[in-house]
Amino acid sequence: ISSSDSNVQNLQQTSAPQKSLVEMLPKREDIPTEFTTDSPHNITFQKYPEGFESAVRIEPTKIVGSSGLIGLDFNIIRFNSEENARKYHVDFTNRIKDGGGYTEIDIEVPSKAECFSFTEDYGYQSRFATSNCLKGNLEYQVLVTAAYTFEKPQKYVKDMMTLLDNRINK
């Protein structure tokens, strides 16, 4: 492979697809049937990150017992450049690491995107498992919330991030 062919190959491996963000979100049939789901909607920020272009999310939920809840948040953010997406990813990761109170978990996705994944445990009231991945100019996240249940959110986060990664990168 010549160096120019090698550069093209490297670019293809790191570039994010350019289809619409809504097309990248999981479809109803992708999500376990015990979850109800809403329509995709835009994400708004109090202060928009540098280079922000657009963002979407869906938030399926599952009722557990009489008062428990498992929530899945699928979020995708598109930036105007890979540099701005990376800055957002690094800033998010550093903010979590600097704050402490989490346990890092290892989640590898099929696309080999760069991911930072962790859990936070506040007892029976709420536990969280989050995976944030960076691929090209996209930052995508799965946040699983378990409230008033003994179910562990990490039970879902790896499968749901693999699902989102496959939807984005197919």
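The mean pLDDT of the chain, where pLDDT is the predictor's confidence in each residue from 0 to 100, is 88, and 90% of the residues reach 70 or more. The model is predicted: local features need pLDDT of at least 70 and side-chain atom pairs count only at pLDDT 80 or more, while totals for chains, interfaces and linings use all residues. Residues are numbered from 1 along each chain as its sequence is written, and side-chain values use heavy atoms, with hydrogens and water left out. Where pLDDT is low, the predicted coordinates should not be read in detail.

Buried residues of H4 include Tyr-156, Met-160, Leu-164 and Ile-168, buried meaning under 20% relative accessible area, exposed over 50%, and partly exposed in between (1.4 Å probe, protein chains only). Their cover includes helix H2 (21-24) and strands S3 (61-64), S4 (68-79), S5 (103-105), S7 and S8.

Eight salt bridges were counted, each defined as a side-chain nitrogen of Lys or Arg within 4 Å of a carboxyl oxygen of Asp or Glu. Glu-34 pairs with Lys-62, the closest N and O atoms being 4.0 Å apart. This pair links distant parts of the chain, with Glu-34 in the loop between H2 and strand S1 (41-42) and Lys-62 in strand S3, 28 residues apart. Glu-34 is partly exposed at 43% relative accessible area, whereas Lys-62 is buried at 12%. A further salt bridge joins Glu-151 and Lys-155 (3.2 Å, N to O); salt bridges that share partners join Glu-34, Lys-62, Glu-151 and Lys-155 into one network. In helix H3, Asp-91 and Lys-87 form a salt bridge of 2.9 Å, N to O; the two are separated by about one helical turn because they lie four residues apart in that helix.

Ser-126, in the loop between strands S6 (114-121) and S7 (127-135), is buried at 18% relative accessibility. Beyond its neighbours within four places in sequence, Ser-126 contacts Asp-121, Ala-146 and Ala-147.

Note on methods. Contact = heavy atoms within 4.5 Å.
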